[in-house]
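Please keep the sequence and the coordinates at hand while reading.

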Amino acid sequence: GSRLSISYRVKGVEAGALRARYETAETRRKLLEQSWAKRYPALKLNAASFEGLDHFGNEVEIRLQARLGRRLVADRGGLRLEWRGEHESWVSALAPLGSREHPLVLNSPWTRNEHFVFQLPVGLSPVGTKETAAEALPPELSLKGKFGHYSLRWSLDPADPQRLQLERSMSIEAPRVSPDDYAAFREFLIA
């Protein structure tokens with residue numbers, strides 16, 4: 001199976017919502033696993049930490065480590081890494097309308113950093129039609145704009161070429177999006 005490490009920090013109204021959701025220490029892990037299992041159905045939570053839940057006015061940081069289950073599927077005589085981006089979920093969560101007449105209020109900035117590790121079976125590499133595995137990986141992506149930033153980087157672990165890694169970071173820095181900027185904001189979320 002694949003391993004997933006995520007940390008995310010929020011402040012303001014969103015931090016208050018997380019404080020309310022994870023208020024009871026006995027149910028935090030279960031609620032966190034249920035929340036992330038909606039996005040990754042085979043997710044099994046291994047470890048979780050919560051910081052800032054008891055300190056009103058401070059940001060809240062949540063870190064988790066989990067296993068994602070099997071992500072390799074048979075495809076045209078080989079194996080394909082089953083991976084879906086989160087563009088759809090970010091758009092549906094943050095900008096579900098096609099257009100707006102009034103500003104979209106996002107309240108406070110937030111950042112999510114994710115690190116995924118996919119253990120490839122022995123003998124399998126992402127070479128495809130390229131000469132080396134590194135050439136076969138998608139190019140690094142980094143977008144920065146007035147709404148925030150997004151970065152995505154695939155790499156092979158130098159110590160173990162069977163370990164394919166994905167590092168992803170998403171940050172929303174704009175507290176509001178005007179109706180004139182709404183289409184551009186949706187494009188930022190999709191990119």
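Predicted model: local features only at pLDDT ≥ 70, side-chain atom pairs only at ≥ 80, totals over all residues.

Are Phe147 and Phe188 buried or exposed? Both belong to the buried class: Phe147 is buried, and Phe188 is buried as well.

## The chain as a whole

The chain contains five helices and eleven strands, and of its 191 residues 36% count as buried. Its accessible surface comes to about 11,000 Å², and carbon and sulfur atoms account for 52% of that area. When contacts in the chain between residues at least 6 apart in sequence are considered, 67% of them join residues that are at least 24 apart.

## Aromatic pairs

A pair of aromatic rings is described by the distance of the centres and the angle of the planes. The count of such pairs in this model comes to four. One of them is formed by Tyr8 and Trp36, whose rings are 5.8 Å apart from centre to centre with 55° between the planes, an arrangement classed as tilted. Because Tyr8 lies in strand S1 (residues 2–10) and Trp36 in helix H2 (residues 28–37), the pair ties together parts that are 28 residues apart in sequence. Tyr8 counts as buried at 11% relative accessibility, and Trp36 is buried with a relative accessible area of 4%.

The rings of Phe147 and Phe188 have centres 6.2 Å apart and planes at 50°, so this pair is tilted. Phe147 is found in the loop between strand S8 (141–144) and strand S9 (148–157), whereas Phe188 is in helix H5 (residues 182–190), so the pair ties together parts that are 41 residues apart in sequence. Together with Phe185, these two residues, Phe147 and Phe188, form one aromatic cluster.

## Arginines over rings

Two arginine side chains are placed over aromatic faces. Arg112 lies over the face of Tyr8, at 5.9 Å from the ring centre, while Arg28 lies over the face of Phe50, at 5.7 Å from the ring centre.

## Surroundings of Tyr8

Tyr8, which has its place in strand S1, is in contact with a set of residues that, with neighbours within four places in sequence left aside, includes Leu18, Tyr22, Leu32, Trp36, Val60, Glu61, Ile62 and Leu64. Thr111 and Arg112 are also among its contacts.

## Buried faces of the helices

In helix H1 (residues 13–21), the buried residues are Ala15, Leu18 and Arg19. Seen down the axis of H1, these residues fall within an arc of 105°, so they line one face of the helix. The exposed residues Val13 and Ala20 are carried on the face of H1 that is turned away from its buried side. Ala15, a residue of helix H1, is buried with a relative accessible area of 1%, and, not counting residues up to four places away in sequence, Ala15 touches Val10, Asn58 and Val60.

Helix H2 has Arg28, Leu32 and Trp36 as its buried residues, and they cover an arc of only 55° around the axis, which puts them on the same side of H2. In helix H5 the buried residues are Tyr182, Phe185, Arg186, Phe188 and Leu189. Those of H5 cover an arc of only 155° around the axis, which puts them on the same side of H5.

## The largest nonpolar core

In soluble globular proteins, nonpolar side chains tend to be buried together. Here the largest nonpolar core has 44 residues, of which Tyr8, Leu32, Leu64, Ile172, Phe185 and Leu189 touch the most other members. The largest share of this core, five residues, comes from strand S3 (residues 60–69).

Tyr8 is the partner of Trp36 in a tilted pair, Leu32 is one of the buried residues of H2, and Phe185 and Leu189 are among the buried residues of H5. Phe185 also belongs to the aromatic cluster with Phe147 and Phe188, the two buried residues with which this report began.

Terms used:
Residues numbered from 1 in each chain as written. Heavy atoms only, no water. Phe/Tyr/Trp six-rings, centres within 6.5 Å; stacked < 30°, edge-to-face > 60°. Helix = DSSP H or I, 4+ residues; strand = E, 2+ residues; numbered from the N terminus. Buried < 20%, exposed > 50% of the residue type's maximum accessible area, 1.4 Å probe, protein only. Lys NZ or Arg CZ within 6 Å of the ring centre and 35° of its normal. Contact = heavy atoms within 4.5 Å. Areas by Shrake-Rupley, 256 points an atom, 1.4 Å probe, with all protein chains shown as cover. Arc of directions from axis to C-beta. Core = buried A, V, L, I, M, F, W, Y, C linked by side-chain atoms within 4.5 Å.
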